[in-house]
Every structure is written in structure tokens, then in C-alpha cells.
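Hi there,

Here is the structure I said I would pass on.

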Amino acid sequence: MRPLLLLLPLLLLGQTSAQTVISRGAAHITGHAAGTFGGTGDIGGPVGGVAWGPNGTAYTLDGAQILHRWDVSTGRSLSRQVLWPPASVPGARDPAFGPRLFLDGTVLDGPGLEGTLGTAAGLLVRVTGIQNDQPYRTAFTLTPDGRRVLGDPCPSSERRLRGCIRVGRLTVQDRTEAGATAPQTPPLELIYKDPATGKTLTTRPDPPPDGARLILGELGSGASRIPASTVTLPRGEVLRVVPSPDGSRTAVLRLVTPRPSWGAGTAYVDVVQRKGGKRVSWPLPGTTLAEAAAPDLRWVGNSRLLTATAEQDPATGGALSGQIVALRDALTGRARWKLSTTAGLVGAVPSPDGRLWLTVRGGSVPEVRRVSDGQFVRVLGRAVVAWVPLAGSVSSSGRAAVALSVGGGAGALSLLDRAGREVPLAGGAARWRFAVPGVPDALAATPDGGRFALAVPGALYLLDSTGRLRQTLKLPGLRVMTLTFGTGGVLSARANDSALGGERTLAWRLDSAGQLKPLVLPPLPDGSRYSLPISALLLREDVRRPAQTGPLQSRLSVLNLAGGLRWQDAWGPETAALVSPDGHTVLRARGIAIPGQIEVQALKLYLADARTGQARPPLTLSPLALKFYRGLGVADFAPSRRHVLLTERDGDGCGGALYGVRLADLQTRQELPLPAAFGTGLTRFFGCGHPRPVPETVFAPDGKHILIRDGNALKWWAGAFGLGR
């Protein structure tokens, strides 16, 4: 590697960006990126989903439109592709606000409905989107040869839901329509929690004039023909219409709410016999939400139903993080087994033979489970939920530790090299892997890789370099979301406290025996927080709003671990601070107004001595494009205490975009060029019902590499970021 002092003159002469950093390998964990299926309560609700394919295969599709095909018996991925709808679908290639895709099973060979599909067969994908401010629904079939055939064999609308089933060579269609003359049903007492006040209320709402009418399609021919018929349903909003596999029965999922458009209430299942129109009804326990919660109802054979419904969070009024999934008798509603929302599952799709079912855990990991008892069988891929780069060596040229969600509510910690291979244990040939009794939330490592800290809800694990568990710390009621090691063996964490409803900063120090001992931090004033990592100093960020409608201001206070003040900034525009890995230098980043621009700021970067506060001359950078909400943020600070990685992004409360990564040298006060892979190659739109992975970029502790983590992919780039001061 050439020294940086020799490299800089070349850059000043306009040397190409490819010579700043060089690609040095990539690793990819098979599976979907964490959170890319979305979840109950998210904007727009879950997306993508799961479906069964032929011959023991299954498909999974996430919000980034990544489609996997799996061998269900082994969990092995058979193929992976980006799935786009046909070009004629409005906004088909719009990366920000394009249509949302949902899997809905396999289309069989046979005559199409109303000429839409012809003889096409393959995977059925439903599409929802917005055109001219109006919602639309359609579908297409992905054929085995890769063609996308537009057309919905079972078209539905908001007002007229439809259910279809193939019985032999015939397609049976059922649908709903608004009733007109049905008699009123008696008032129904509803007990619900008001999300605004948290109070439990009882109401007897007046029933609407009538319920929906269920139009049952014709089944069979000749002497066994069952003609079409109409059944009036009780009042309520119809969410699903699902005929049984043999067509003899149709199940309807119906929501009764305290008032129109309430979105939460008591869900009922109506099971109607096609011959004779006899109907039975039974309620689903709990408060069911319809909006953005995607309730599910699926037949297992002709006598059982899998139900998956979201439940209301009593604290927020929104949806809990998972759905209640149960296998129920179709005529009585009796549950043969039930899984609570704490399992974090969304969706329940049974296999054609009724032995297995598919679901998604935590918006990240598809699972195969048994129909007989609901228990976990295997995972389809894994998801990287946390990661940390490690110092490399001459032979390995970089490593990374990754925390994984591996299905069934479990996790794992694994060490990877830049080719994606698991790294052998120190001094042995065994593979480095640690099983975790829970899905990890955060991961940290000491600079030398001698200790790893891994957080799961309510606990923290400390491991040594061989993967051996050295210590378990119980953290009841806490969920650690940020975890990092600083110099001097100090481990610091940012945790959500379920009892207090806010954040807490925690710290421990490694003692001579390699065990974590609590480090008592001075109390924080209101509106303040400590910056991480914590080492020999405390960086306290204070925030205030001088005027009721004015902008926020912030101030940095630097203290010793006992709380003694070393130096303090003046109040000014919002700012951020990051301490160097050795604790000697503080990186300051402060937004600066750009003349003539609204909601767009430049970023002033400067280094300050952590002991005295003495600052060096600043570097000011502006966004490459000036538009609302667009700006720069600090991604990471190099071991050299001179280089900084910045991200350029924009967005509001509904969504946003990442436009790439930029690299600055704070000693020479100039921006350094990077390959296109760091710029346009990392452009990503996310949010607003389109859950996609947001790339993260950091320096490796060896000062020789930049690592990009993009969902389940890790990419190494070599540079010279650890030389000089």
C-alpha cells in the first residue's frame, strides 16, 4: 500500500477515483435483508410475502422486490432475481413510489378468465399502486420461462372482493357486493381501547341498514351441478373471501368496528355451505386491525382454517409487532393450536398437501412450520441484523462479525472473511459460530477482536475470540439498540427502557479478568444524551429550543468519567459529535444555512482536541443537489483521526433516499474522490411502504479497508485511511 502522502499529489492532479480505493472482495449471506418484508403497523403494512411452488418448492418476495425460489426440504436457495411488474403497469420502474407486489400462489394451466391469462401458468403476483392519485389493483403471472403475463384471474376491488378456486378444470368464483334489502341485525356490544386516551370503552353502535351479500358461484355440471346463489352476511367490513379447495364451502373474514372507518374491532369468520347456503359464524378473540395489518385466512383441507390477524397495542393503539396465528376448526372456530403476537410472525400460507405452512418472522426471515402443531421446522435463508468490521491480516485482508436471525426466534454470531467464508477459530480448525437464544439487536467488538458483545432483548452476552461465552448480563425491560467498544475496554450502549418509555445510556469496563463491570455515569440533564462510544471522556450533547417555534439548538460538553467539565461549546445550530477510536480527537459536524435555500444545509466539519477543545480549521461541504430535506451526515470516523465518511440523503417522515457516500480528508481540508460504487451505485429509495435495505459504510479498525453493508451483502474496499494524524 502506498503511503497517503504519495497518493495525495496524484489526487490533486486529477487522478481517477478508482485509485483512491480498490475493490477487495465481497461476501453475501443467502436470504432477505432484515426488515425488508415490512411488518404490521408499518406504513402500508407488510409487503411481498410467501407462496408455494411446484414439487416441494416455495417462493419468497420482499419489499426490495427480491424473489427467491427455495427447496423447502433443505432450505437451499434455488434461484434469486429482482422481480419487476410488466412495463405496462403504471410506475413499473419507479424506484421511489412504484407499485407494491404481493405473492398469491401458483396459477395452473387451463383456460383463463375473461381472456386475461390464456394458457399461462406460473407464479401469481398481485400488484397495488397509485395512478393519477387513484389506487389501482391488478396482477400478473410470472411464467417458468421468465415472461410476465398481465391479467388478474380473480380481480377484486375495494368494494367488491372476490375469491376463486380451481376444482378440476373449472374455476369457481365467489364475490361480495353491497346489500340493499337485507334486514337489520341487532346491535352488538363492543369493548375497545381508545388509542387517543388509552381508556377502555364499551359501545353499542347502531347497525347499518344491511350487511354485504355473498354471491356464491356455480359449481359442477350435469346432475351434480350446484347453481349460483346469494347469502346475506351480518353487518361488518368484509376483508377476505376464500373458497375451500373442493368448493363446498366459502369462508369470509369480516370486521365489526365501533364506528365506520375505525379500522379496529372484532373479527368474525363466516363459513357458508355452497349447497343450501347454511352459514355458521364465530369470532376471533382480541381486537383485530385491518389497516396496514394484512389479516390472513387460508383453508387447510376442507375442514380447517389457518387465521393470522394483528392485535391492537393497548399503549399506542397501533398494531403489535406480529400476528396471532391459529389453526381452527372451520365450523366451530375452536383453536387446535395458537401462536401469540410475541412470536413476531406475519402471514400463514399452508402447503398444498396440508402438512406445512409458510410465514415471515420479524419482517426478515421466511420460516417453514408444521400444520399439526404450528412448530418451527426450518428457515429459508438468514438475515444479517447487526455487524462489525474487524482488523485484518496479511492473509485475510479483512474480516467481519455478523449477527444473524436464523429462524425459530434464534440467532447466531459468525465471523466471515472477505470471500464470505466462516473464519476458523484461533489455533484450531473448527468454525467460529455462536448460537444465540434470541434474535440479536446489536453487536460490538474490541479493536483487536478479543471480545465480542452481543445484545438480545433483556440480556447482553460477552464472548471471547474463540466464540466461548464468558459472561451474561441480564437487562430486564431494556432493549439495546446501539452497542460499541471504546478505548480502555469501555463498552457503551444505548437502550430503550420499556418502563420509562425512553432511552438510557449504559456503560461497562473490562476488568483484568476480562469481565464486564458496571460503570456509573453522571446523571444527564433533561434534553441531553451521551455520544457513543464512551472511553476516557464523556461527550454530552445538550439540545434546546429557545423559541416555541424556532429551530433547535445544541451544545457539546466534554467531561471526564466523574462528571467534571473539561470544555464546552457555545449554543448553536444542531450539531453532532463523534470521538475518535483512541479518544483523543472529537469530530464536530454542524449544519450551516445555504443562502437562498430552505430546508437544505451545508455541513461544516472540524476536529477538536478532546482534552482542550482547541479546534482546527474547518472543511465545509454542500449537497451535490439542492432540494428540500437533502443534506449530509457523518457515517464514520477513521482510525487515522483525519478521514471521515459522509452520506448524502434526503427525506421526510414518509420516506427518503440515500444518494451515496463521500470521503473527506480533514487534515488537507478537501474531499477525496471515490469510485462510482460509493456514489450512484448506492442510491436507494426507501420508506412509504417500500421497505428496502439502507447501505451502511464504515472504516475497518485496521485502517486499511472501508466496508459497505448493504442488507445481507458485505463489500470490502482497500485504501490508506489509517496512516498519519
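**A leucine in a loop**

Let's start with Leu83, which sits in the loop between strand E5 (76–82) and strand E6 (100–107). Helices (H or I, at least four residues) and strands (E, at least two) are DSSP runs, numbered from the N terminus. Before going on: this is a predicted model, where local features need pLDDT of at least 70 and side-chain atom pairs count only at pLDDT 80 or more, while totals for chains, interfaces and linings use all residues. Residues are numbered from 1 along each chain as its sequence is written, and side-chain values use heavy atoms, with hydrogens and water left out.

Is Leu83 buried or exposed? Leu83 has a relative accessible area of 1%, so it is buried (buried means under 20% relative accessible area, exposed over 50%, partly exposed in between, with a 1.4 Å probe and protein chains only). Leaving out residues up to four places away in sequence, Leu83 touches Leu61, Gln65, Leu67, Leu101, Val125, Phe140 and Leu142 (contact means heavy atoms within 4.5 Å). Leu83 and His68 are 15 residues apart in sequence, and 9.7 Å separates their C-alpha atoms.

**Nonpolar cores**

In soluble globular proteins, nonpolar side chains tend to be buried together. The term nonpolar core stands for a set of buried Ala, Val, Leu, Ile, Met, Phe, Trp, Tyr and Cys residues joined through side-chain atoms within 4.5 Å. The largest one here has 19 residues, and Leu460, Val480, Leu483, Leu491, Trp508 and Leu516 touch the most other members. Strands that each supply at least two residues of this core include E32 (442–445), E33 (451–456) and E34 (459–464). Which strand gives the most to this core? That is E36, with 4 residues. Another core lies apart from it and has 18 residues, among them Leu390, Leu415, Phe434 and Ala445.

Not counting residues up to four places away in sequence, Val480 touches Asp441, Ala442, Ala455, Leu475, Ala493, Arg494 and Ala495.

**Salt bridges**

A salt bridge is a side-chain nitrogen of Lys or Arg within 4 Å of a carboxyl oxygen of Asp or Glu. By this rule the structure has 33 salt bridges. In one of them Arg479 pairs with Asp441, with 2.8 Å between the closest N and O atoms. Arg479 lies in strand E36 and Asp441 in the loop between strand E31 (433–436) and E32, so the pair ties together parts that are 38 residues apart in sequence. Arg479 is partly exposed, at 42% relative accessible area, whereas Asp441 counts as buried at 15%.

Glu503 and Arg529 form a salt bridge as well, their closest N and O atoms being 3.7 Å apart. Glu503 is in strand E38 and Arg529 in strand E40 (residues 528–530), so this pair ties together parts that are 26 residues apart in sequence. There is also a network of salt bridges that links Arg160, Arg175, Glu177 and Arg213.

**Aromatic rings**

Rings of Phe, Tyr and Trp (its six-membered ring) pair if their centres lie within 6.5 Å; planes under 30 degrees apart count as stacked, over 60 as edge-to-face and the rest as tilted. The structure holds 3 aromatic pairs. Trp337 and Trp357 are stacked, at 5.6 Å centre to centre with 20 degrees between the planes, and both are buried. Why is the pair of Tyr659 and Phe685 edge-to-face? Their ring centres are 6.5 Å apart and their planes stand at 85 degrees, so the pair counts as edge-to-face.

Tyr659 has a charge at its ring too: Arg630 lies over its face, 3.6 Å from the ring centre (this needs NZ of Lys or CZ of Arg within 6 Å of the ring centre and within 35 degrees of the ring normal).

**The disulfide**

A disulfide is a covalent bond between the sulfur atoms of two cysteines. The structure holds 1 disulfide (a pair of cysteine sulfur atoms within 2.5 Å). Cys154 and Cys164 form it, with their sulfur atoms 2.1 Å apart. The torsion about their S-S bond is about 90 degrees, so the disulfide is right-handed. Cys154 is buried at 7% relative accessible area, while Cys164 counts as partly exposed at 24%.

Cheers
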